[in-house]
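Subject: A structure for you to look at

Hi there,

Here is the structure I promised to pass on. Please have a look at it first, and then read my notes on what turned up in it.

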Amino acid sequence: KYIDFYDYVNYNEVAELFNNSAIGLTLTNIVGTNGPKGVITTKFYEYLGAELPVLCVKSDEEIMEKLIHETAIGCSARTVDEAYNFILEKWLEWKNKGYTTVNVNQEVKLKFTRQ
């Protein structure tokens, strides 16, 4: 009842969806011997290119966390409180402005995105 799942979205519609979004969500988990091995999804790079605030849950405590910190694009949440505080901060910003912002480190961003 909290999440809507949509069918495949054509590439040419993605920018509009990002423009109507307040936070980009990426799902990960702690890197481990039986878990993920530092996978960074394409969606993260799309969020970075669009400068959409990112919430990464649960933090991988490795590559994604480091990249989110270096780019200053959002939060790689290790705890429920970290995720909650980030969502609250962005919700309050959205409520006051009608949109959310992020102050991305452009030097780092340019290593991963194209114009």
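First, a definition for the charged pairs: a salt bridge here is a side-chain nitrogen of Lys or Arg within 4 Å of a carboxyl oxygen of Asp or Glu. By that rule, the side chains of Glu93 and Lys97 form a salt bridge, with an N to O distance of 3.2 Å.

Before more of that, a word on the source. This is a predicted model, in which local features need pLDDT of at least 70 and side-chain atom pairs count only at pLDDT 80 or more, while totals for chains, interfaces and linings use all residues. Residues are numbered from 1 along each chain as its sequence is written, and side-chain values use heavy atoms, with hydrogens and water left out.

**Overall fold**

The protein chain has five helices and three strands; these are DSSP runs numbered from the N terminus, with helices being H or I of at least four residues and strands E of at least two. Along the sequence they follow the pattern α-β-α-β-α-β-α-α. The radius of gyration is 14 Å, which agrees with the value near 13 Å that a compact globule of 115 residues would have. That radius is taken over C-alpha atoms, and the globule rule is 2.2 Å times the number of residues to the power 0.38. Along the principal axes, the C-alpha atoms fill a box of roughly 40 × 35 × 30 Å.

Contact means heavy atoms within 4.5 Å. Among contacts with a separation of 6 or more, 63% are between residues 24 or more positions apart. Buried residues account for 31% of the 115 residues, where buried means under 20% relative accessible area, exposed over 50%, and partly exposed in between (1.4 Å probe, protein chains only). The accessible surface is about 8400 Å², and 53% of it belongs to carbon and sulfur atoms. The areas come from the Shrake-Rupley method with a 1.4 Å probe, and for residues only the protein chains shown count as cover.

**The interior**

A nonpolar core is a set of buried Ala, Val, Leu, Ile, Met, Phe, Trp, Tyr and Cys residues joined through side-chain atoms within 4.5 Å. The largest one has 16 residues, of which Phe44, Val54, Met64, Ile68 and Ile73 touch the most other members. Helix 1 (11-19), helix 2 (42-50), strand 2 (54-57) and helix 3 (63-71) each supply at least two residues of this core. A second, separate core has five residues, including Cys75, Ala77, Ala83 and Phe86.

Ile73 is worth a click: leaving out residues up to four places away in sequence, Ile73 touches Phe44, Tyr47, Leu48, Glu51, Leu52, Pro53, Val54, Ile68, Val102 and Val104. Thr26 is another one to look at. Thr26 sits in strand 1 (residues 24-27) and is buried, at 3% relative accessible area. Beyond its neighbours within four places in sequence, Thr26 contacts Thr41, Val54, Leu55, Cys56, Val57 and Met64.

**Salt bridges**

A search of the whole structure finds eight salt bridges. One of them joins Glu61 and Arg78, with the closest N and O atoms 3.7 Å apart. This pair links distant parts of the chain, 17 residues apart: Glu61 is in the loop between strand 2 and helix 3, and Arg78 in the loop between strand 3 (74-76) and helix 4. Glu61 is partly exposed at 32%, and Arg78 is partly exposed at 38%.

Glu93 is buried, at 14% relative accessibility, whereas Lys97 is partly exposed at 44%. Together with Glu89 and Lys90, Glu93 and Lys97 are linked in a network of salt bridges.

**A nonpolar patch**

Tyr84, Leu88, Trp91, Leu92 and Trp94 make a nonpolar surface patch of about 520 Å². Patches are made of residues with over 30% relative accessible area and no salt bridge; like charges are joined within 9 Å, nonpolar side chains (Val, Leu, Ile, Met, Phe, Trp, Tyr) within 5 Å. Tyr84 is found in helix 4 and is exposed, with a relative accessible area of 51%.
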